[in-house]
Amino acid sequence: MPRARKNPESSPPAAVEPAGGVADKQASVEGIAQDLATAIVEKRLPPGTWLREEALGRVYAVSRTKVRAALLMLSKDKLIEIIPDKGAFVSRPTVQEAREVFGVRRILEAEVVRLFVACAKPRDFQMLEQHIRVERNTLRESAATGTTVRERLLGDFHVVLAEAAGNRVLAELVRELVARSSLIAMLYHSANDPHCSSDEHAEFLRLCRRGDADAAVASMIGHLDRIEASLQLDAERGDRQLDLVKALLA
Ligand SMILES: [Zn+2]
């Protein structure tokens with residue numbers, strides 16, 4: 001289960017610096033995890049890459065214990081997979097898994113929408129409208145900082161919505177699927193397509209405010225369809241063996 005996200009209203013996620021400057025970065029566990037996440041998002045560490053503890057320890061000049069803690073953090077976000085007795089690898093969701101994730105999201109989030117429309121209070125709408133404003137500001141401000149901030153925050157709209165729908169088990173499942181979707185979007189996105197549109201979130205919320213559950217469900221499913229359609233799921237991405245140290249210092 002991924003870590004609980006901070007509420008973006010009170011604390012937007014920190015901007016991710018380009019990972020070029022490993023040497024001048026303070027090698028805290030969080031810093032290492034952030035740096036590796038950026039390298040994964042920028043595809044310098046492609047899916048399937050073996051993240052050798054010893055090599056990472058050399059790159060960041062830290063103990064293997066710290067490296068392991070950073071890897072554990074990334075595995076909770078589903079960015080990497082830890083295989084017992086083998087090691088840590090950059091996650092590699094297959095095309096089939098990507099399609100399955102979106103298929104399950106359509107089912108679960110349709111139910112989220114119905115519950116939300118039935119129980120939403122004015123403060124829930126205010127919270128989600130505020131979320132959309134933060135999304136738009138973050139998009140404007142973070143154009144140069146890569147996709148991480150954007151992915152996480154936009155994905156979070158779905159998590160915040162699920163949490164407001166009042167079924168905690170459903171919200172947990174949605175949170176995990178949104179985390180997996182973020183990784184899938186990172187791996188399979190095409191160059192300029194938006195994965196999640198703030199305008200579509202706003203239009204969806206307008207339908208919810210009208211209390212039109214059917215239209216809101218259709219809007220959400222159409223939104224998820226478009227995210228899935230914007231991904232390049234026509235081909236499996238191949239494995240690449242690469243020099244880990246070189247990739248991180250590039
Ligand atoms: Zn969305």
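Predicted model: local features only at pLDDT ≥ 70, side-chain atom pairs only at ≥ 80, totals over all residues.
Two strands are said to pair if DSSP finds at least two bridges between them.

**Pairing of β1 with β3**
- Strand β1 (residues 50–51) runs antiparallel to strand β3 (residues 87–90), and two bridges join them.
- L51 has A88 as its bridge partner in β3.
- W50 stands opposite F89 in β3.

**Pairing of β2 with β3**
- Four bridges connect strand β2 (residues 80–83) with β3, again in the antiparallel sense.
- The bridge partner of I80 in β3 is V90.
- The hairpin of β2 and β3 has three residues between the strands, and D85 takes a positive phi near 65° in this hairpin.

**Helices α2 and α3**
- The axes of helix α2 (residues 53–60) and helix α3 (residues 64–76) come within 9 Å and cross at roughly 105°.
- The two helices, α2 and α3, are therefore roughly perpendicular to each other.
- On the α2 side the contact is made by E53, E54, L56 and G57, and on the α3 side by R64, V67 and R68.
- Four charged residues, two nonpolar residues and one polar residue make up the contact of α2 with α3.

Key. Residues numbered from 1 in each chain as written. Axes fitted to C-alpha atoms, helices over the stretch in contact; angles between N-to-C directions. Parallel < 35°, antiparallel > 145°, perpendicular 65-115°, else oblique. Contact = placed C-beta atoms within 7 Å. Nonpolar A, V, L, I, M, F, W, Y, C, P; charged D, E, K, R; others polar.
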